[in-house]
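Let's go through some ring contacts together, question by question. Have a look at the model first.

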Amino acid sequence: MRRRDFLLALLALPKLRIRRVRMYASPITRPMINQSFHVVTVETDEGITGIGEGGSPDLIRLAARLIIGEDARQTDALWQLMYRGLFYPAGREQLHAIGALDVALWDIKAKALNVPLYELLGGKSREWIECYSTAFPRKGSLKETARACIEAGFRAYRTSVADPGRGEAFDARAIVRKTVEQCREIREAVAPDGEWAIDYHTRLDYADAVRLSALLEPLEPVFAEDLVRSENKAFYRQLRQAVRLPIAVGEQFGDRWELNELVEQRLIDWSRVSIPNCGGITEFMKICALCETHYVGMAPHFTGPVSEAALVHCLLSYSGSVLMEMLGDGRREVPYLPRHYDFRNGRMWPNDRPGLGVTFDSSRVKMIAEITEGEKPLPVFRRRDGSLTNW
Ligand code: CS2
Ligand code: MG
């Protein structure tokens with residue numbers, strides 16, 4: 001669609017009033033809220049329905065009530081309403097629900113304009129999304145598995161700090177030595193055309209994280225992730241002085257206010273925030289702008305199939321470095337999602353389907369929530385120009 005026609009279509013877009021939100025239980029849901037793959041649909045009175053993914057029934061209800069009756073086109077205004085409409089800023093679990101609904105709102109708008117969603121995010125800065133694999137399926141030895149990952153087209157094979165033996169204590173000194181041995185094998189296996197990355201998985205204390213990082217320097221990982229526990233972000237000021245590996249942090253974080261100091265003080269090289277965890281597409285694109293400002297790459301954590309499709313649209317438009325995490329071999333048959341993301345040969349690819357490009361067969365899953373009544377339990381204050389300000 002030519003830009004002029006696109007803009008005319010955007011201006012001619014009627015109000016898309018939200019009339020119903022539904023939630024469906026995904027059979028691939030994990031026990032952790034940060035890995036909820038429940039599906040949400042947002043229906044408008046113009047007959048356009050958007051799809052999102054994440055949250056829990058109670059938290060979806062909490063956020064959906066705030067936007068029933070509102071105009072789905074106003075994605076940022078609705079994000080503000082969901083994030084601030086209950087006065088206290090949304091926490092990580094509430095952000096997960098907001099992110100699910102936000103993705104559905106963006107899907108609606110792009111469907112209404114009959115364009116792929118990335119067209120609303122600045123178009124394509126790249127032709128495909130480089131991916132790395134976590135838990136690539138075992139193909140014999142560790143070396144053979146790492147090699148098979150690169151042969152499958154992935155850019156990098158990701159490992160983690162070694163596990164203790166079954167029933168053994170986590171002896172960090174011994175674990176560091178065991179990890180270095182494993183990483184030497186992986187480095188040999190992926191060279192010369194592939195890369196590798198390591199996730200410390202917040203398992204180590206400062207001294208062990210620094211020591212392991214020094215021992216891994218000659219093996220040149222793409223990044224070392226979650227070097228220590230994530231609660232004390234300021235700790236990375238010291239870590240950054242002592243560690244000479246690229247650092248990736250953020251899968252445990254929510255919105256930009258959890259990440260901004262690490263980015264603005266250049267304490268990390270890769271952001272690991274993901275969708276819906278950060279609050280959806282609206283928030284993810286703001287984090288992209290923050291990261292672009294400080295030359296930080298985007299390496300979002302793997303997520304559910306609908307949210308991965310959303311990540312592809314966002315990452316296509318991001319001008320900085322991108323490396324998307326996929327679980328296992330990246331392929332996914334999802335009975336209730338006949339179409340979701342387009343993954344081939346270790347890469348994610350754009351498609352020209354309208355909106356997210358995801359199709360949903362609700363007959364394959366069980367509905368677990370339906371919200372048709374709007375409610376704003378607290379006063380909503382607006383400035384003279386109608387923009388929302390806190391109560
Ligand atoms: C890991 C995750 O892929 C990673 O970076 O940190 O797989 C993590 O173990 C799971 O998300 C926990 O649910
Ligand atoms: Mg991780």
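Q: Which residue lies over the face of Trp79?
A: This is a predicted model, where local features need pLDDT of at least 70, side-chain atom pairs count only at pLDDT 80 or more, and totals for chains, interfaces and linings use all residues. Residues are numbered from 1 along each chain as its sequence is written, chains are lettered from A and ligands numbered from 1 in the order in which they are written, and side-chain values use heavy atoms, leaving out hydrogens and water. A charge counts as over a ring if NZ of Lys or CZ of Arg is within 6 Å of the ring centre and within 35 degrees of the ring normal. At 5.5 Å from the ring centre, the one over Trp79 is Lys286.

Q: How far is the charged end of Arg347 from the ring centre of Trp128?
A: Here's another charge over a ring, this time with Arg347 on Trp128. The distance to the ring centre is 3.8 Å.

Q: What kind of aromatic pair do Phe87 and Tyr88 form?
A: Rings of Phe, Tyr and Trp (its six-membered ring) pair if their centres lie within 6.5 Å; planes under 30 degrees apart are stacked, over 60 edge-to-face, and the rest tilted. Phe87 and Tyr88 are 5.5 Å centre to centre with 40° between the planes, so the pair is tilted.

Q: Why is the pair of Phe87 and Trp391 edge-to-face?
A: The ring centres of Phe87 and Trp391 are 5.6 Å apart. The pair is edge-to-face because the planes sit at 80°.
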